[in-house]
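Please open the model in your viewer and keep the sequence panel beside it, so that each selection can be followed in both. The tour begins with the sheet and then moves to one of the helices.

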Amino acid sequence: MLRIGVDSSKFGVVRGRPAVSVVERAADRGLEGVYFRSVLELSPTLEAAEVRDVMQAATDLGQRIEAGVGKVNPFVTPEAPEIRALGEGDYLRGMRRMVEVAASAGIRELWTATANYQFRLSGRYAYDRFRTDVGWDEQLAATERLLRKLAPVLRDLGVHLNIETHEEITTFELVRLVEAVGPDVVGITFDTANVLMRCEDPVAAVERAAPYIRATHVRDAALFFTRAGIARLLVPVGEGVLDWDRLLAPLLGRDLMLSIEGIVESTRGEMELQIYDPGWQEGHPDLTLAEAFEVVRLATTYADRVSDKTAAGREQLHSAVGEPESLDFIDRSAQHLRQILTRMGEGEPTLDRSWTA
């Protein structure tokens, strides 16, 4: 049965709060779980007893907990020195420690990703996919090698590392990674809005990834034509271009949490597809015309809605974001998801106990 949770990283102003208070806040808003981006949010010093205490508190509140253990692309690991510190200089050892502590507390669906978005760069170079010092193929090969090194401990502990459809990677590449290392230890965290950043048809993407999806990040997207291509901004579920009935259909009946990933204060996650750039085009060997044209169609449809004043325009979405807007994004998304799941026969809507900031 699908349940509705929230990603901790954009859950209002919660950074630095004890994990239990984040779980309590989720329960107060009528949500059913929290997806902590790092197990270190449960215990900054990675104390197993502290993690178990959070898990017990979550159980008492009827909350599901999922957590992350850092990136698995060796070329981006210098950007996470705290994990290397856990391993006394060994990043892989640090990850193993995080996996072991998470598993000991009963957390066996663990988030990971392959790279980062470099906000200080512009154009395609903001994506690690287009680094010029190391090719994307080489990064993927190194990622597979690291996952193979982790596989024995994952297998022994009954844990899955679920790689996110992050801004830099395609579902084609993710499926190949999962199948190469083994779906018994590697899965996919399906981010509904990120697949657009690789110009994938979201419905085709979820159907392609569906056999291996074990976790999610859910949010909707507004698309706008720009001189470079298409810009994506984040909007609450049901207010953007995504067809939620078709997106959720392959996931019905599964023991999955739909983790709403909100918006951080000050931004709605604007990113751009540089589809007119030959270098960008060459960097997507799996991309088909059918899927690219579908993304263009979605952008055209959204433009029509803006003209009809039935959807928010780009200027409106550039307005300031504070904690009230961030929490409202989550509440509206949860409400829409409940309506869809009820209509599709996935249980009664959760009691709405919205907490007022």
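Two strands are taken as paired here if DSSP finds at least two bridges between them. In this predicted model, select the strands first: eight of them form an open sheet in the order 7-6-5-4-3-2-1-10, and their pairing is parallel. Strand 7 (213-217) and strand 10 (257-260) stand at the edges, and because each has a single partner strand, one side of each is left without a neighbour in the sheet. Looking along the sheet, you will find a twist that averages 30 degrees from one strand to the next.

To pick out a pair of residues here, select I4 together with L258, its bridge partner in strand 10.

Now select helix 6 (residues 171-181), which lies across strand 5 (160-164) and strand 6 (186-191) and runs at about 160 degrees to strand 6. Is this helix mostly covered or mostly uncovered? Helix 6 is mostly covered, with eight of its eleven residues buried; colour T171, F172, E173, L174, V175, L177, V178 and V181 to see these buried positions.

Key. Residues are numbered from 1 along each chain as its sequence is written. This is a predicted model: local features need pLDDT of at least 70, side-chain atom pairs count only at pLDDT 80 or more; totals for chains, interfaces and linings use all residues. Side-chain values use heavy atoms; hydrogens and water are left out. Helices (H or I, at least four residues) and strands (E, at least two) are DSSP runs, numbered from the N terminus. Axes are lines fitted to C-alpha atoms, for helices over the stretch in contact, and angles run from 0 to 180 degrees between N-to-C directions. Contact means heavy atoms within 4.5 Å. Buried means under 20% relative accessible area, exposed over 50%, partly exposed in between (1.4 Å probe, protein chains only).
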